[in-house]
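Please look over the sequence and the fold before reading on.

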Amino acid sequence: MKNKIFILGSFNVDIVSYLDDFPLPGQTIEATNSEIICGGKGANQAYAASQNGVEVNFLTKIGKDGFAHFAKEQLGLRIKQNNYILETEKAATGVANIFVRGADKENQIVINLGANKCITEKEVQYYKSLIEESDILMVQLENNFDAIACALKLAHDANVTTLLNPAPISPQISRLLPLVDIIIPNETELQGLGKMPVSSLDETKKAVLAFSKSSGIQTIVVTRGAKGALCFQNNIFTLIPSIENVNVVDTTGAGDAFNGALAAKLANGLNLEEAARYANFYASLAVAGKGASNMPEGVGLLI
């Protein structure tokens, strides 16, 4: 393994408000605290991967606006390898408004993807050699689908393992699935993909089987929050148990922590179950701090 990951993904400015409870329609409430931090699924996953012993090449796009300097500064501080930051005047830097509820640390998120949707196929093609030299290509769905499909095809044609985090879920995803080796949905996303309920472990397994049959994807990892994760590979299910006694401060970005750590450990040469066990543990550390970009330093091979 070359210990190299290429991530095409989003950068968003996260405006986070901490609340006693979520507002009702038409209601104005006072936040207990607020902050502006680095976010976006791509940036978060790249940060998590870079904290876990791999070389990361991260490609993203921002606007030429007031958040541009913030984006470059924050990415430079977090992802200490190779950031490729494109800029456009056609759209603003992506912004996410995040509400975090005090009692259970659950969150609600509204995003304006802005410049993230403006990456072109030609711009992705420019990084063809870096994609081909990688062990893993990871993408999400916060960029435009032409760019995502282009990156996946470049990797697929070069026998680079492709990982897709299908978030936010979209009907257009069907065009990407033939190019995906490993898909990593959460339970809500799996329900959208498999068109089946996932309220129990048995239902989740049935949804995985249905989706695998319809999509042709043979390796699926379902993140289940506090319930751990479920791996499906070679027609075998492996349950990754929950981590006990986790001090949950903020669940925002937990899935990104899992995805980035999983990709890193696969690039390190671990098998799927080992990588998922590690990623599950790593995500439990990430939720102990505030913000989607709270990605702690890797903790060694704790599986």
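The text starts with the conventions and then turns to the strands.

This is a predicted model, in which local features need pLDDT of at least 70 and side-chain atom pairs count only at pLDDT 80 or more, while totals for chains, interfaces and linings use all residues. Residues are numbered from 1 along each chain as its sequence is written, and side-chain values use heavy atoms, with hydrogens and water left out.

Helices (H or I, at least four residues) and strands (E, at least two) are DSSP runs, numbered from the N terminus. Two strands pair if DSSP finds at least two bridges between them. Strand β8 (residues 136-139) is paired with strand β9 (residues 161-164) through four bridges, in the parallel sense. Within this pairing, Met-138 stands opposite Leu-163 in β9. Between β8 and β9 the chain passes through helix α5 (residues 145-157), and this β-α-β crossover is right-handed (with the strands pointing away from the viewer, the path from the first strand over the helix to the second runs clockwise). Strand β9 also runs parallel to strand β10 (residues 182-183), joined to it by two bridges. Here Leu-163 faces Ile-182 in β10.

Strand β9 also contains Thr-162. Is Thr-162 buried or exposed? Its relative accessibility is 0%, so Thr-162 counts as buried; buried means under 20% relative accessible area, exposed over 50%, and partly exposed in between (1.4 Å probe, protein chains only). The side chain of Thr-162 makes a polar contact with the backbone oxygen of Leu-179 at 2.8 Å. A polar contact is a pair of N or O atoms within 3.5 Å; within protein, one must be able to donate a hydrogen and the other to accept it, and residues adjacent in sequence count only if both atoms are side-chain atoms. Beyond its neighbours within four places in sequence, Thr-162 is in contact (heavy atoms within 4.5 Å) with residues including Leu-137, Leu-152, His-156 and Ile-182.

Asn-186 lies in the loop between β10 and α6 (187-194). With a relative accessible area of 28%, Asn-186 is partly exposed. A polar atom of its side chain lies 3.1 Å from the backbone nitrogen of Thr-188. Leaving aside neighbours within four places in sequence, Asn-186 is in contact with Val-222 and Thr-223.

Next come the nonpolar cores. A nonpolar core is a set of buried Ala, Val, Leu, Ile, Met, Phe, Trp, Tyr and Cys residues joined through side-chain atoms within 4.5 Å. The largest has 44 residues, of which Ile-5, Phe-11, Phe-258 and Leu-262 touch the most other members. Among the elements that give two or more residues to this core are β1 (4-8), β8 and α8 (254-267). Helix α8 gives the most, with eight residues. A second, separate core of 40 residues includes Ile-131, Ala-147, Leu-152 and Phe-211.

The structure holds five aromatic pairs. Rings of Phe, Tyr and Trp (its six-membered ring) pair if their centres lie within 6.5 Å; planes under 30 degrees apart count as stacked, over 60 as edge-to-face and the rest as tilted. The rings of Phe-6 and Tyr-127 have centres 6.4 Å apart and planes at 45 degrees, so this pair is tilted. Phe-6 is in strand β1 and Tyr-127 in the loop between α3 (121-125) and α4 (128-132), so the pair ties together parts 121 residues apart in sequence. Both Phe-6 and Tyr-127 are buried.
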